[in-house]
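Please work through the exercises below with the sequence and the model side by side. Each task is followed by a solution that goes step by step.

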Amino acid sequence: MKYGVACTMKCRLAFSMGIVVITLLLSGCMRDSKPVQFYMLNADTGVPGITRVPASANDILIGLGPIRIPEYLNRPQMIVAITDNQYQLSEDHRWAERLDQNISLALFKALPRQLGTDRIVRYPWPRSQVIDYQVGIDILEFNVDASGQSRLIAQWFVKRKDKPTIDKRSVYLFPASTTDHALMVKAQSQCLSKLGQEIAETLRLLISKAAINRADKKF
């Protein structure tokens, strides 16, 4: 009987000690853990002065999208490409929303200022809506590499009245960091701003040419 009581007391003591150890470990982990940082891209970084589309083109409607990115990029964690085939994910540094949605929103907010017109809609738009110029983008690569270089490779097109007009591949590079995530986001935003700027310049040129052609046909 005494042996059983002693055994029970030892078990209780061991259990209590285990609880204490686990509590201490958990409290230590909680003290050491860092709060998760969330980031958003923008496409307004270093944008030059606006050259407005022709006044005669104010009734033109521009459709932005679809915008597609590789599935391996469309995750909350920020990514650094260690090699061409290996990527490092950061659990403590994350995108505030889906990356494809963030890219779409950033361009949607920047293009009106870059073009000087707010007649822009995001994909998907109603079937009944008549789009004069559609801009579609495939993001092929958009991350920071092991040397701390931000790289954006995008294949994009412009259609006018559903007819292909422009099909381009653009590459943008900006110095970033592999450890400073705020600097990484800034560099990636600079890449995105350059893409938006190139799209805006292309649209202005196409719209201006169309306006000139319409004016010539009147004479």
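This is a predicted model: local features need pLDDT of at least 70, side-chain atom pairs count only at pLDDT 80 or more; totals for chains, interfaces and linings use all residues.

Residues are numbered from 1 along each chain as its sequence is written, and side-chain values use heavy atoms, with hydrogens and water left out.

**Exercise 1. Compare the reach of helix α2 with the expected span, and list its buried residues.**

Step 1: Helices (H or I, at least four residues) and strands (E, at least two) are DSSP runs numbered from the N terminus, and α2 is the helix of residues 99-115, with 17 residues.
Step 2: The expected span is 1.5 Å times one less than the number of residues; α2 reaches 24 Å from its first C-alpha to its last, close to the expected 24 Å.
Step 3: With buried meaning under 20% relative accessible area, exposed over 50% and partly exposed in between (1.4 Å probe, protein chains only), the buried residues of α2 are L99, D100, N102, I103, S104, A106, L107, A110, L111, Q114 and L115.
Step 4: Just after α2, G116 takes a positive phi of about 80 degrees.

**Exercise 2. Describe the largest cavity by its volume and its lining.**

Step 1: On a 1 Å grid over the protein atoms alone, a cavity is a set of points where a 1.4 Å probe fits but cannot get out, whereas a pocket is an open set with protein on both sides within 12 Å along at least five of seven lines, and lining residues have an atom within 4 Å of a point.
Step 2: The structure holds one cavity of 30 Å³ or more, and the largest cavity has a volume of about 50 Å³, where volume is the space filled by probe spheres set on grid points joined across faces, edges and corners.
Step 3: Its lining consists of L73, Q77, M78, I79, W95, L99, F142, N143 and Q188, and β3 (77-81) gives the most, with three residues.
Step 4: Counting Ala, Val, Leu, Ile, Met, Phe, Trp, Tyr, Cys and Pro as nonpolar, Asp, Glu, Lys and Arg as charged, and the others, Gly among them, as polar, this lining divides into six nonpolar, three polar and no charged residues.

**Exercise 3. State the volume of the largest pocket and classify its lining.**

Step 1: About 210 Å³ of space lies in the largest pocket.
Step 2: W125, P126, R127, Q129, I131, Q134, K159, K161 and D162 line this pocket, and by class they are three nonpolar, two polar and four charged residues.

**Exercise 4. How many aromatic pairs are there, and why is the pair of Y72 and Y87 tilted?**

Step 1: Rings of Phe, Tyr and Trp (its six-membered ring) pair if their centres lie within 6.5 Å, and planes under 30 degrees apart count as stacked, over 60 as edge-to-face and the rest as tilted; the count comes to two aromatic pairs.
Step 2: The centres of Y72 and Y87 are 5.1 Å apart and their planes lie at 40 degrees, so this pair is tilted.
Step 3: Y72 lies in the loop between β2 (62-68) and β3, and Y87 in strand β4 (residues 87-95), 15 residues apart.
Step 4: Y123 and W125 form an edge-to-face pair, 5.4 Å centre to centre with 90 degrees between the planes.

**Exercise 5. Is G136 buried or exposed, and which residues does G136 contact?**

Step 1: G136 is found in strand β6 and counts as buried at 1% relative accessibility.
Step 2: Leaving aside neighbours within four places in sequence, G136 is in contact (heavy atoms within 4.5 Å) with G65, P66, Q155, W156 and F157.
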